[in-house]
Amino acid sequence: MSDTLEPPAGAPEPPMLHGVLLSDSHGQRVLHPTREQYVTTVRTLLDDTYSMCADLTAVDYLTFPNRTLPDGIAGERFELVVNLLSIERRERIRLRVQVPADDPSIATLFDLYPGTEAMEREVYDMFGIVFTDHPDLTRILMPEDWDGHPLRKDYDQGRIPVQFSTDFAARESRP
């Protein structure tokens, strides 16, 4: 899939901010940069007083490929979601970046926001999205030898049987 679709001829220009498609989600501004625009857009927002990365996570849309996206954005299996804050202006902005399943990688934000180090490791651990040039891209929640990424929609859930001790069962049966 390509990162963007061409708007229909004669359609009004979509709203943009710093050269990136802008939409609204329940009153919050949302930017939709491509993977190629991602770091440049974040750097521009940092220069524009968005000095705090409040959250960085991902979503696996394997079972919901036809979700609603703004015109011009082609949905991919994974979506990286980043929330930035401008403390100075008391504003929040969200970025939604499409990440394809056949190349689940994107540049790190560590050089711009060092606090993203653990958040990116968690996304790597749970979803398998690789952050290029990350200083320590290792698992953070699962053991190093764990096979797979537990928050992917195609990951087998498995189960752990619950075992009750006989002492517990005896206590519960007392009047």
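Predicted model: local features only at pLDDT ≥ 70, side-chain atom pairs only at ≥ 80, totals over all residues.
Student: Which residue takes a positive phi in the hairpin of β2 and β3?

Tutor: β2 and β3 (residues 28-31) pair in the antiparallel sense over 4 bridges. Within that pair, Asp 24 stands opposite Arg 29 in β3. The hairpin has 2 residues between the strands, and the one with a positive phi, near 55°, is His 26.

Student: Which are the edge strands of the open sheet of 6 strands?

Tutor: The protein has 3 helices and 8 strands. The open sheet takes 6 strands in the order β1-β2-β3-β6-β5-β4, with mixed pairing. Those that pair on one side only are β1 (16-17) and β4.

Student: What angle does the direction of α2 make with that of β4?

Tutor: Axes are lines fitted to C-alpha atoms, for helices over the stretch in contact, and angles run from 0 to 180 degrees between N-to-C directions. α1 lies across β2, β3, β4, β5 and β6, at about 175° to β6. α2 packs on the sheet and touches β4 and β5, and its direction makes with that of β4 an angle of about 5°.

Student: How many residues does the largest nonpolar core have?

Tutor: A nonpolar core is a set of buried Ala, Val, Leu, Ile, Met, Phe, Trp, Tyr and Cys residues joined through side-chain atoms within 4.5 Å. Val 82 is among those with the most contacts inside the largest core, as are Tyr 38 and Leu 56; the contacts of Val 82 (heavy atoms within 4.5 Å) include Tyr 38, Leu 56 and Leu 95. The number of residues in this core is 31.

Student: Is Arg 77 buried or exposed?

Tutor: Arg 77 lies in the loop between β4 (52-60) and β5 (78-86). Buried means under 20% relative accessible area, exposed over 50%, and partly exposed in between, with a 1.4 Å probe and protein chains only. Arg 77 has 14%, so it is buried.

Student: Which side chain makes a polar contact of 3.0 Å with the side chain of Arg 77?

Tutor: A polar contact is a pair of N or O atoms within 3.5 Å; within protein, one must be able to donate a hydrogen and the other to accept it, and residues adjacent in sequence count only if both atoms are side-chain atoms. The side chains of Arg 77 and Asp 60 are joined by one of 2.8 Å. The partner at 3.0 Å is Asp 154.

Conventions. Residues numbered from 1 in each chain as written. Heavy atoms only, no water. Pairing = 2+ DSSP bridges. Lists of a residue's contacts leave out its neighbours within four places in sequence.
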